Every structure is written in structure tokens, then in C-alpha cells.
Amino acid sequence: MSTASSGDPLVDLLMASLTRRKATGQVVSGEHAGREAARWMADAGVARAVLASDPVVDAIGLPDALRREGIDVIMWPTGLGKREAMGLEGPIDVCGVTVPALAVAERGTVVLEASEGHGRGLDVTSRHHVALLPTDRIVRTLGEALALTFADGRPAPSAVSLVSGPSRSSDIEKISTLGAHGALTEHVVIIR
Amino acid sequence: MRTCLSEAVAPSVWKSSRRVLERCGVDVKVPRAQTCCSQPAWTAGHPDQARAVARHTIVVFSGPEEVVVPSGSCAGMVVHGYPEMFKGQPEEEAALDLARRTIELTQFLAKHDLDPGRGSRGPVTMHDSCHMLRVMDESQSPREALAKAGCEVREMQHTDRCCGFGGVFAINFPELSGRLGEEKARAAIESGAREVVSCDLGCLMHIVGVAHRQGIPLRARHVAEVLDR
Amino acid sequence: MSTRKRRGDGGVAYLDVQGTLRERTVDALRDRTLRGNLDSATTSWGESRDAMRSDYGLDEMRERAREIRRSNIRNLPALLSEMQAKVREAGGTVVRAVDGAEACRYITGLAQARGVKVVAKSKSMATEEIKLNEALEDARIEVVETDLGEWILQLASEHPSHIIAPAVHLNREQVAALFREEAGTDDVPDDREGLVAHARVRLREKFAEAGIGVSGVNLGVASTGTVCVLENEGNARLVTSQPRIHVAVMGMERVVADWDEAAHILQVLPMAAIGQDAANYVNLITGPRRDGEADGPEEFHLVIIDGGRGALRGTEFEEALSCIRCGACLYSCPMWRSVGGQAYGSPYSGPIGAVITPLLEGPSSPASRDLPFMSSLCGACGEACPVGIPLQDLLVRARARSSSPATRKSGMAFRAWSRLWRRPSTYRAWMAGWRLMLRARGKDGWATDLPGPGAGWTQVRDMPTRWPPRR
């Protein structure tokens, strides 16, 4: 993970916010993004990746990079049964790979929109969550992000998920514990 | 304003208040006919009974003078409660006028930059009554007054937590009220001071009453008494 | 302090509540574990809250939040019409339920018509209020709470003690014991992380099985017909995305006009509730899945509950409808902090609960007689409220509305008081009599046993008969 300043204040702000929310991030160039993302997943012990069907995924060559790391690749829609999709059967170390529509720098939030190519459960059914985020999708505030997402004349997506860090619960002794239901990890690959 | 609590339990409080003001050169009138601001009835949910007594209070204090009250609670009742109590009533104008002229004792001292001279040295710890803190929005003026009088204040933990008095609450839910009072009394002692001081007599009676029952060696005085030494 | 759930109908209250409110507070005060948990919870909340005020300007945001919510309530009928139209446009179904019974009938009927055997739920105060779980269970439908804290309580057969952190009164050992019983095995970890991992697997089975997911609604956005569901765990996302049918239950007052307002409230809500600038997951759902989408519910039903809320518009209690159910007033309340939420005997506890429970239940209900009086009126709640509801003033108004033998007796006493204290001569006579009584009862400057209403005083404290008080 790069800790040096990227030269782009919004990117720096987003990175700081992600850390605060117990997510991780890295800033990479387009040509290295696929390899870096695959490497992160390999290091995390990911056995299978479920990828959103999105131009960005192909543009960075992620499916091939993953296969080179020996990670099983499934594109959305997966056709998996419900139990396997939820991690009750099959490999446990599954990573959902999303492509956010936007990100909110000051909150460390990625904005995921459900669509034909993007399942609404992609980031929560799996153990790990990797988001591929081009830098031109980063805005500063929640207000801006929502205004863009629900702009006049734009049909509201069926499900928009604002994700700010891995799943957390404070229900046992009021102490924050990770991974109650959603992904235990969240890693954002910020693509220049 | 003498306040009914002071008359009932601690006349020294209103008498000290008068002396403190006179030492500052203030011309003080204490209307003989005054009774009560009617807060007990209002907060107990009997607005008609409260209004009947409050009407008398409005009449008694109808002059142009500022009305000084040695109680954040009673002052708060007039300033914050009377406008609601008399909204749409024939006395509304007079009630609003009184509300504008009413002020708590240490706020009055601060507002007119008055200095009553040397008081007790202390150390004391300061209890901020909820009404003083939140209704009158004030925690500085009593501390300023004590500092000017040369009285040392040692702050306790959680000065902004309720002592549990709450008027009729003290009688309706005595166990809960007593528990909060005990916590306050212990916090007071833990400040290192042996005496708790407040702008509100109700809180003090409750805190020191619990302390005495529990064997906690805490003394209490109203801020007017500390200034009047 | 476990209470058994019994079935019942009508009203808001937990019908299995034992004893009087005062008795329940006494029980709670004796419970050290509860006390310890409440203390640590409220202290950490207070610290986070201070950070929100200093680092994020929460105080300034309150002003705007208050204005937004008041305007929402003023325009409520129009907003609800628009919300309804937009949800239908998006392919969802909207039901406006007059009361809890109607809402339960609709949801139970839906489950039966679709042959659903298992319902997965994410946390919703509104569903507690309407007693949905009981209605479904009566129809032989299994209901599983998926919010970790709610699931724990479901296993313990208890009611939630706080709007946001329902199991805040239980500790790790207590939780491990419940999990062992549920799993039918001792092979359950003891540590916090292990317990959470265990729950994750058990509950995923239920997500896979459930035919209906029921969620609450934190906020409805009228301009697009979107329901917002905030959470930290991810169970609400699973509840609203995995089962074939999603039923969202919303109190009718929980609507804002547009996304500008929504953005503001969605920022203020987690700040006030958990002292953070964001909840982990904010799910913005508009109708069912669209054509071509491979996951998401095929049916979306929005059930909008009146339950007595509409009647509060235009009354002196209207501001109570601004509430966004953040729970800040609970954490700031000295009463709640001392006895926890279960003592209130209502799904809504704390200062907001003490105001709205009697309003939704009616002026002669037991809650109306007791709840508004369990407060010292310290005002910490009004100060903490992110939408500026003057809760302490509403409590006084609620007291005035209460009607019961006890309050009628108090009314008679204050009528006598008023007659004596509005005239100087009778007031002075009363004072003289009182001072005599106090002197007579006092020994060494203290009275330990006062008559009449004074007995409540001397039950737990002495009365100084001289001032300054003697040592």
C-alpha cells in the first residue's frame, strides 16, 4: 500500500478516509492495476474471484492476471446456487470485485450501483471485497455523490450501496468486531 | 425573588442574596407579597394550577426593575416557561415582559460587572444545575463570581450530569433519584473539596440529603452564601 | 432479567412487562452487570459524540437538520403521495397501514400467499412496535432476527434495550452461553471474534433459506421513491438482496423530500447515533430488481405505518415526529443510563420513548401514567437531539395530558396548593406550618422521616431542617 502522497488531493483524502474506516487502498497506474489487484488477492489467500461484468475489469486485464495467480475467475452473473453464493458451500476465500460508480473522498465511501453486470450482493456475500476505482470517479462529499447518482432525469438504480469499510458489529460488549455479515476486508484499487 | 424553597428550607439563601447585592450598591426591593414561580405545578403536569399562582407572581413583579433570582431553576421557569405558559392568555404581554426582566443572581452580577468583595476562601466544588446549564445556558457566571470573591473552586467529574433532583421526580422515583444523587455526592467529594456549591437550592438539598444518609462527609452552601462572607 | 414473550394484540407496549415502572427501575438499579455495560457504552458514545462536535461541526448541522425535519412533517401528506407514486413507478407495491394490526395482516397474508416458511429480518423498531414477529409466528412462519444483537436477544427471549445497540446490556460470557444453546453444542468459541464468526455462519443459512426479507426504513426519499437502510454489519444488505421478496416497514413520518435533504440527514444520523461520520453500509433501494438483473428481490413491498402518528400533526407534540431514531437521547439520559431500555416496557425507550409511547397508546394507558414522569427534566436529551426536538418540554406536556387515578390525585393536591399559594396570606400561613413541622421532625438539624408525599423524599435521603446543613 502506497503511503506517499499521490499528488492528487482527492485521492490522498480518500486514502486517509479508507484507513480510518479500516479498509485498505493503493494507487496504481492503469497498466499495472490488473497485476496489482491480482497480487493483493493472491496475498490475501483468495481462491476464487467473482467479478462484475464491467469495461474497467477488462480494460485492466484483471481476469487473465487472476488466472496467472491461480485464482479461479467467475464473471457476474455467476449462475451459482444460493448456498454457494453465500459461502456455505464451495471455497470460503472468495473475493467479490466491484467497480464503483463513484467514491466519496471525505468519508471513505464507495458507491456501488446494481445493474445487469453488477450484482447488488457482490461486495457482501464474499469474504473479501476489492473495488476497482478510476480516479475520475472520486468526489469530495456525500452530497455531491448523491446528487450525481439521483440526478434529475436519470432513472434511480434499483439498489445503490454506499460502502464505508468492512462489515462491523459492536453488538458484543460494545466493542467493534469485523466481519459480522459482510466482507471482512475491503481493498480499493485506485486507478490513475 | 426569594423563591419558595429558600423560604421553606433555607431563608439564609435569599437573605444572603440581598446582602450581596446591597454590598454592590444595588437598590434591592423584596416584595412582601411574592409567593412562587409555580414550577412545581407546571412540571408536574398541572398547567392550570400553575397559571393561577404564576399570575400572582406576574402582578407582584410588575415594576420596571430587573428581577434577580437566587435560583437558575426558578429564573429558568420565568424566562423559558412563562412564554409557553401564557401563550394566547390575557396576561401574555405582562408575562413576556417579566421574562425579559428576570435574571439569575450570578448572571446579574456578571452582567453589571459587580464585585461583592471577599467571600469564603473554599475550596469548594461547583454543581451546575441542569436548569442553569441548559435553560439559562450558563456555567461561567457563578464561577466568575466565586473567582472574584477569592474562593477556590475544584471541579468535579461530569459537572454536566444531572444530580437526580428533578422536582417531583425526587418523590415519584426515589430510588433512581437517590442513586443519581449518590453519584453526584461521591463525585463532589472526589474533587478534593469538602463543600458543594450551586446556584440551585433544590439540587443542594437533594445532594447533601443523600450524602448525609450515606455517611458521605459533604457540606453544602448556596453560591449566595459563599459570596456573603 | 429475562422476560418471557407472550402473545398479545393492539397497542405498542410489551405485554409481558412485569410490575410497575418504578419497580422495574428498582430491579434495574440492582443489576450490576447491566450497570457496567450501560456505563461503558454511554461513556464511549459520549467521547465519540464530543469528537463529532469538535471535528465535524455537528452543532451547526443540527440547525439545518431541524428545519428539514419540521418542513417534512408540515408537508407530510404530499411527500407520502409522491413516495407512493415513485415506488409504484419503480415496480414496487405500497400499502398504507392505519395501524399495526393491518400491517401485520398484510405481511402475514403475503407470506402465506407466497408459501414462505422462513422470514429473515434486519433490525426495525417499527416491526417491534407492530409486533410483527408474533403475528408471523402465530401463522407458523419462522422469523429470524439477523442483526447480531437482535439475534442474541431473540435467543435470550428478550426485548431490545436500545434503538441502535439492542444487546448492549449483555456481555461476552452471556452471549457465548446463548450461542451454545442455539447450536446445540459446547463447541462455540469464547472470544469476541470467534463468536462473531460463529454467528456469521449460522445466520447465512437463514439468508439462503428465507423467502421474505423484512427490513425497517431509516429514511424514505420522496423524489425517487427510495428507501434508505443504514447498518454496520451487512445483514440488512443480505436481507434486502437475497430473499425473493423484500418487505420494507416504514413509519409514515420518516420521509424527506429530496436528495439534498437526504444527504444532510444521512450524515447527521450516524454522527448522533454512533459518533461516526458514516455507517458502514447505506442501502438505497428503489423498487424490486430491474429486468436483466441477476440478483435482488423480484418483489418489493413498502408498508407505511400510521399507528397514531398522523394524529400528532398540528398538535403540541408535532415535533416528536421529527425523530430520526438515532438513539442519542437515550445515551445522554441519566435515567436510561441508570436503568437501561427494558425498564421502559416499550419498544421505544429513553426520552423519545417516554414521549411517544403514551401518545401512540393513548392517555389512559399505563405508559402514559408513568413514562413521562420518569425524568428529572434535565434537558440533556434536547441538547443531544440532532434534529433539535425539545424533548424535555414535550415530557412536561405529556405529563399534562396524562390521566389516571394517580395523576387525578396529584391534580387535586395541586388544586389545593394553588388556592393556598396564589394569595400571600395563605402562602405565609402554609410556610409557617411547614417550618414548624420541619423543626418538630428534625433532630440535630436533620429529618429522616417525613409524612405524606415527603415520605418519598426521606425514603432515600435526609431532609436538612437547618441551613446551611449541619454536619
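Guide: Two strands pair if DSSP finds at least two bridges between them, and with that criterion in mind we can read the sheet of this predicted model.

Visitor: How many bridges join strand β7 to strand β12 of chain A?

Guide: As a general idea, strands of a sheet pair through backbone hydrogen bonds, either parallel or antiparallel. Here seven bridges link β7 (residues 128-134) and β12 (residues 185-191) of chain A, and the two strands run parallel; within this pair, Val130(A) stands opposite His187(A) of β12(A).

Visitor: In what order do the strands of the open sheet lie, and which are the edge strands?

Guide: The open sheet in chain A has six strands with parallel pairing, in the order β1-β12-β7-β4-β2-β3. Its edge strands are β1 (24-28) and β3 (72-75) of chain A, each of which pairs on one side only, while neighbouring strands are turned by 20 degrees against each other on average, direction ignored.

Visitor: Which strands does helix α2 of chain A lie across?

Guide: Helix α2 (residues 30-43) of chain A lies across β1, β2 (48-51), β4 (94-98), β7 and β12 of chain A, and runs at about 165 degrees to β12(A). Helix α1 (residues 9-20) of chain A, in turn, lies across β1 and β12 of that chain, at about 155 degrees to β1(A).

Visitor: How many residues of helix α12 in chain B are buried?

Guide: An α-helix has 3.6 residues a turn, so residues three or four places apart point the same way. In α12(B), 13 of the 14 residues are buried, which leaves the helix mostly covered. This helix, residues 201-214 of chain B, reaches 20 Å from its first C-alpha to its last, close to the 20 Å expected at 1.5 Å a residue, and is followed by Gly215(B), whose phi is positive, near 75 degrees.

Note on methods: Residues numbered from 1 in each chain as written. Chains lettered and ligands numbered in written order. Predicted model: local features only at pLDDT ≥ 70, side-chain atom pairs only at ≥ 80, totals over all residues. Helix = DSSP H or I, 4+ residues; strand = E, 2+ residues; numbered from the N terminus. Axes fitted to C-alpha atoms, helices over the stretch in contact; angles between N-to-C directions. Contact = placed C-beta atoms within 7 Å. Expected span 1.5 Å × (residues − 1). Buried ≥ 20, exposed ≤ 12 C-beta atoms within 10 Å, placed from the backbone.
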